[in-house]
Amino acid sequence: MKDRRLPGYLLVFVAMLLVPAVVHDTFLLRVFTEAVMWIGLAVTFDVLAGYTGYLNFGHSAFFGIGAYTTAILMVRAGWPFAPAAALGGAAAGLGALIAGFPTLRLRGAYFAIATWALARAIQQGVLMMGITGGPDGMRLPALLSPGFFYYVMLGVVGVTFFAYWFLLERAPFGLKLKAIREDEQGAKALGLNPTRLKIQAFVLSAVPTGIIGGVFAYWVTFIDPASTLGDLVSDQALVMVVFGGMGTLVGPVIGAVLIFAFKTVFWAYLSDYEVLYLIILGGVIAASVVFLPDGVLGVLPQRRKGVKDHG
Amino acid sequence: MAEPILEVDNLTKSFGGLTAVNEVSFQVRPREIVGLIGPNGAGKTTLFNVVSGYYAPSRGRVLFHGKDISGKTPYALAGRGIGRTFQVVKPFPGLSVLENVIIASFLRHPKKARAEEHAWKVLEFTGLADRAHQSAASLTLAGRKRLEIGKALALEPTFLLLDEVVAGLNPTEVDHTIDLILKLRDQGITILIVEHIMRVIMRISDRLVVLNFGQKIAEGTPAEVAKDPGVVEAYLGGEKG
């Protein structure tokens, strides 16, 4: 059961490590950093959406919890960045653990609605709290080093990707999640505990998302409830995952790169027509759901689902 | 006489005002094949769901190897050695046949390579090896019923609940499945089977338990039960017409 795709993944990762050596333009490096961030957010979203079959419209809450935890620890408690971001990930994981017990009992649209509502509640809570700066947001100490942030983002997303590859594609865990996605009642008869597996998946999705949120906060130096806890993160991640190919590792990466590239090019050259952006994006998504049910990845030739050859 | 492997003790399961299973008691002894029969709506599947942990009993108990298992979860019971199939089969349609069985094999073989090895053995045994890489959704009904048995077997159960694994198959497939069930019994697995096809149930069962409107109306060897006037009236009479 060798995965012949692993060398390819490693090659792409090494190539991405070399980006700052080639790209000296600060704006362009920012674009690359954000692209890597969206890859991370899409891949983490897919653990629940694609592998487990639960659409989490509260994904932004994990991102925001990570961002705010990092900001509060750095600004109010004087912590250095790395432990603050790590705790941001832990806080998001804890949030998933707590939110998972009631919400993961729900199926389909009800889970989506419940997680969406929970994220809105957290957003409102942050707006009202003093420690978060409320609607004024928080300003973090500025570190003007685009290369640093590119590498930190790439490090976090890269570690996440390879950890996911091991857990979801190599270890039994990924197949167990898929069993839950395919038939939860049937999975129980085979000795699987769906509640436990779903909570594990939820935490596995939340922790890196929180860390990415922490990196984002330090990188952009200013966060407010709308930019970190709003719908954007969940919606955009969903769009990327659906467009790229759900329930795979590579699909969300492809989807994130294509959608983010489209967005960047659009805003750079066609910003006069900004009203068209969401219309086009919405059209593309609707079309891809209808015509590409397996996403862009599904139209690539030579894709075999499932386990490799016997022996 | 050997200790019973399964003991259903005064079991009642009601849903609101409807009593689906009403004070039913019977025992299953090791290496027996016990048939559970009765007209539609007699409570057979409900009883299965209680025994396999999908429903908690309203009253009464289920003992497995002498221990009370009432209200335990299905996955805990799978761990204790109870395997089951579903009347409405539950394949994982988006996954391959092999992956379906690998998932079941994880219970006894937590390592993926070992689980896959074990899954191949189960696929050979159930005659699905040539379709291992097909998606489960692409199987015929006979194939899906076979996969259902294969997944239950991959759990390496000591006790197997089979819910209408023969219904809907053609005569050749029926014979294959009967052979499979008898082979399982010879391997030491105890079986409780629900089946509507009398020809099958009479042939393979050591004993029969007959339910009607949630109550046990008869119990005994197939020959005894076939002569029971109550059974003939409630069930066989209507069938033979």
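Two strands are taken to pair if DSSP finds at least two bridges between them. In the predicted model considered here, this criterion applies to strand β1 (residues 6-15) of chain B and strand β4 (residues 59-64) of chain B, which are joined by five bridges and run antiparallel. Within this pairing, B:Asp9 has B:Arg61 of β4(B) as its bridge partner.

Strand β1(B) also pairs with strand β2 (residues 18-28) of chain B, again in the antiparallel sense, over seven bridges. Here B:Lys13 lies opposite B:Val21 of β2(B). The hairpin formed by β1(B) and β2(B) has two residues between the strands, and B:Gly16 adopts a positive phi near 60 degrees in this hairpin.

These pairings belong to an open sheet of four strands in chain B, arranged in the order β2-β1-β4-β5 with antiparallel pairing.

The packing of nonpolar residues was examined next. The largest nonpolar core comprises 160 residues, and those with the most contacts inside this core are A:Ala42, A:Met153, A:Leu190 and A:Val215. Helix α3 (residues 26-52) of chain A supplies the largest share of the core, namely 13 residues. When residues up to four places away in sequence are not counted, A:Val215 touches A:Ala85, A:Val152, A:Met153 and A:Val156. A:Met153, a contact of A:Val215, is itself listed among the core residues with the most contacts.

Contacts between the two chains involve 20 residues of chain A and 29 residues of chain B. On the side of chain A that touches chain B, the elements giving two or more residues are α8 (172-182) and α9 (184-189) of chain A. The largest share of this side, six residues, comes from α8(A). By residue class, the side of chain A that touches chain B divides into nine nonpolar, six polar and five charged residues.

Note on methods. Residues are numbered from 1 along each chain as its sequence is written. Chains are lettered from A and ligands numbered from 1 in the order in which they are written. This is a predicted model: local features need pLDDT of at least 70, side-chain atom pairs count only at pLDDT 80 or more; totals for chains, interfaces and linings use all residues. Two residues are in contact if their C-beta atoms, placed from the backbone, lie within 7 Å. Ala, Val, Leu, Ile, Met, Phe, Trp, Tyr, Cys and Pro count as nonpolar, Asp, Glu, Lys and Arg as charged, and the others, Gly among them, as polar. A nonpolar core is a set of buried Ala, Val, Leu, Ile, Met, Phe, Trp, Tyr and Cys residues joined through C-beta atoms within 7 Å. A residue is buried if 20 or more other C-beta atoms lie within 10 Å of its own, exposed if 12 or fewer, and partly exposed in between; C-beta atoms are placed from the backbone.
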